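I opened this entry to record what I looked up in one chain. The notes follow in the order in which I took them.

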Amino acid sequence: MFTRAVSRLSRKRPPSEINDSDGNPSSSQQTLKGTSRWTTSLENLLEDPEGVKRFREFLKKEFSEENVLFWLACEEFKKMQDKKQMQEKAKEIYMTFLSSKASCQVNVEGQSRLNETILGEPHPLMFQKLQDQIFNLMKYDSYSRFLKSDIFLKHKRAEKQEENSSEAQTVAKRASRIYNT
């Protein structure tokens, strides 16, 4: 019986079970978040609602917010199942971003523009080629400027200050537990 107890104690815990004294995952096991995650790829930035918000803010100042708005609209469109809703959304995307009279026209290659006649038979990937063009435009142009922008750098500093404040509070809690026990 003693041997079984020792073997149970000596077994290593998987990394996912390693916690600090507050029961939280240890910092070495946490994944990147916030601005650190945004810097790894445009995809990661676009998966984070706060990242999208800050990127839109930046693009608005550069007069190119329509790029991310188009990309987001296409992502939403790809998830639609209902044919009628797809037709309405396809027309909305076309009229807002692709038509020669579009209010927020995106800059895509002329031969890549869609003809209004295909809007009657929409399919989830009908905008994919155009969406890829806009994604690459953002990835190789505005994304790198965003990472150097005041908007990004201010958010990164604020995030770091919040993190430091949180760590200081955790240390204070631990110290008070030690001295108050």
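I took accessible areas from the Shrake-Rupley method with a 1.4 Å probe, and for residues only the protein chains shown count as cover. On that basis the chain exposes about 12,500 Å², with 52% of it supplied by carbon and sulfur atoms.

The model is predicted: local features need pLDDT of at least 70, side-chain atom pairs count only at pLDDT 80 or more, and totals for chains, interfaces and linings use all residues. Residues are numbered from 1 along each chain as its sequence is written, and side-chain values use heavy atoms, with hydrogens and water left out.

I looked up the elements (DSSP runs numbered from the N terminus; helices are H or I, at least four residues, and strands E, at least two). The chain has eight helices and zero strands.

I then checked burial (buried is under 20% relative accessible area, exposed over 50%, partly exposed in between; 1.4 Å probe, protein chains only). Of the 181 residues, 30% count as buried.

Next I turned to I134, which lies in helix α7 (residues 128-146). Is I134 buried or exposed? I134 counts as buried because its relative accessibility is 0%. I noted its contacts (heavy atoms within 4.5 Å). Leaving aside neighbours within four places in sequence, I134 touches N67, F70, V106, N107 and V108. I also noted V68, 66 residues from I134 along the chain, with 8.0 Å between the two C-alpha atoms.

Last, I looked at contacts across the chain: among those between residues at least 6 apart in sequence, 58% join residues at least 24 apart.
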